[in-house]
Amino acid sequence: MPPPEKLIGIVGKTNVGKSTLFSALTMVPVKIADHPFTTIEPNIGVGYVRTPCVHVELGLKQCNPRTGFCARGFRFIPVKLMDVAGLIPGASRGRGLGNKFMDDLRQADVLIHVVDASGGTDLEGNPVKPGTQDPLEEVELIRREIDEWFSSVVKRVWEAKIAKSIQSSSTPLDLVTQNLSGLSIRKHHVIEALRESGLESKPFKNWSTSDVELFALKLRQVAKPIVIAANKADHPVAEENVKRLREKYGDDVKPVSGLAEMILRKAAQSGLIDYLPGDPGFTVKPGVELSREQSRALELVRVNVLEKYGSTGVQELLNYAVFRKLGLIVVYPVEDQNKYTDHSGNILPDAYLVPGNTTARELAYMVHTELGQGFLYAVDAKRKERIGESYVLKNGDVVKIVSTKS
């Protein structure tokens, strides 16, 4: 049983290129044998984070992924993406389809906020002349909508359920976590939000309304962090806006061009170019004659996006959301620590995305409940050393679980 799936929600106004970005992220760049998820709803797709594959470090010629794929020494690991319908001002109060938008957000673990970096859409999502709208205002608007919605849910649950039981609860932390679990909240989120809000030492039963509001704000920031996709970054007026966004929000702003990524992925899928998502460039395949339109489109991508930003930014955006904001690492469970294979001889068949503080025993439970229950020890396959149940996994670890129930 693989680790619990993380869900990346893609939010933003209409006409900011959100659908294009979602489509680019969820295109399958190479044919894969097995679909990673059994049920994909219409607004749910699969994207892939990119990481150097450990088979290169181990000196192996190849690996045999059961999900995702490996290309040119990079492992592409599947993650779930959800395209949340366009937000508008007042969505947190139910305006438009606000209730539906916000309900979708409950499930997300991290949010990618797509912004029109060219300033070419107004706050309602209507197209306007590029450069006439301020993307910073757009970011603040959507963030405020999300914070207001999240805070209103937390306050409603607090008043209706938590406040009535907290006085007599012997495990108040568990009580709070359980009642907020509908927002995909875990205990570690609550603990971190308490620390961030300075309420660690104040008993829940003594909280004021303002304490609950502060806690709700910090909880949103912890449990549903936001990464800003400064889309349409190839537009001439976007460069200054990207700079201003980065001055305010730092590394959480990623300049991207969803359209450029779509063009490159489609060209690669059609066999016209060699391009791997995340690459700084592409090459036209030998013997391929491009039409005038194809040549022009690819040259515009090369000059306006790749040479300017180093990539389309789309792969970096997804990697940042998963590895930096969610703090996940990649580990490879195997059954044979010498050949790095499963029982069928497949080399490094699984690449798990797990939290950075995951222990060897927790990994055992992720692989199979019985392995965790009968856990004896694990083996670091790289160093051929035995490790105990409390060993904290590192990114790129290859691990064999030894169990009484294996």
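**Entry 1: lysine 202**

I began with the side chain of lysine 202, which makes a polar contact with the side chain of aspartate 211 at 2.6 Å. A polar contact here is a pair of N or O atoms within 3.5 Å; within protein, one must be able to donate a hydrogen and the other to accept it, and residues adjacent in sequence count only if both atoms are side-chain atoms. I note that this is a predicted model, in which local features need pLDDT of at least 70 and side-chain atom pairs count only at pLDDT 80 or more, while totals for chains, interfaces and linings use all residues. Residues are numbered from 1 along each chain as its sequence is written, and side-chain values use heavy atoms, with hydrogens and water left out.

Where does lysine 202 sit? I found lysine 202 in the loop between α6 (187-197) and α7 (209-223). Helices (H or I, at least four residues) and strands (E, at least two) are DSSP runs, numbered from the N terminus. Not counting residues up to four places away in sequence, lysine 202 touches Trp207 and Asp211; contact means heavy atoms within 4.5 Å.

**Entry 2: threonine 177**

I then looked up threonine 177, which lies in helix α5 (residues 172-179). Threonine 177 has a relative accessible area of 11%, so it is buried. Leaving out residues up to four places away in sequence, threonine 177 touches Ile185, Arg186, Lys187 and Val190.

Nine of the 10 residues of strand β4 (residues 74-83) are buried, so β4 is largely enclosed by the rest of the structure. I followed its pairings next; two strands pair if DSSP finds at least two bridges between them.

- Strand β1 (residues 7-11) runs parallel to β4, joined by four bridges, and glycine 9 stands opposite methionine 82 in β4.
- Strand β2 (residues 44-52) pairs with β4 in the antiparallel sense over nine bridges, and threonine 51 stands opposite arginine 75.
- Strand β3 (residues 69-71) and β4 are antiparallel, with three bridges, and alanine 71 stands opposite phenylalanine 74.

β3 and β4 form a hairpin with two residues between them, and arginine 72 in the turn has a positive phi of about 50°.

**Entry 3: rings**

How many aromatic pairs does the structure hold? I count eight. The rings of phenylalanine 69 and phenylalanine 76 have centres 4.6 Å apart and planes at 5°, so this pair is stacked. Rings of Phe, Tyr and Trp (its six-membered ring) pair if their centres lie within 6.5 Å; planes under 30 degrees apart count as stacked, over 60 as edge-to-face and the rest as tilted. Phenylalanine 69 and phenylalanine 76 are both buried. Ring pairs also link Trp158, Phe204, Trp207 and Phe215 into a cluster.

**Entry 4: the five-stranded sheet**

I finished with an open sheet of five strands, in the order β11-β10-β14-β12-β13 with mixed pairing. β11 (352-355) and β13 (385-387) stand at the edges with a single partner strand each, so one side of each has no neighbour in the sheet. Strand β12 (residues 375-380) pairs with β13 in the antiparallel sense over three bridges, and valine 379 has arginine 386 in β13 as its bridge partner.

Conventions
Buried < 20%, exposed > 50% of the residue type's maximum accessible area, 1.4 Å probe, protein only.
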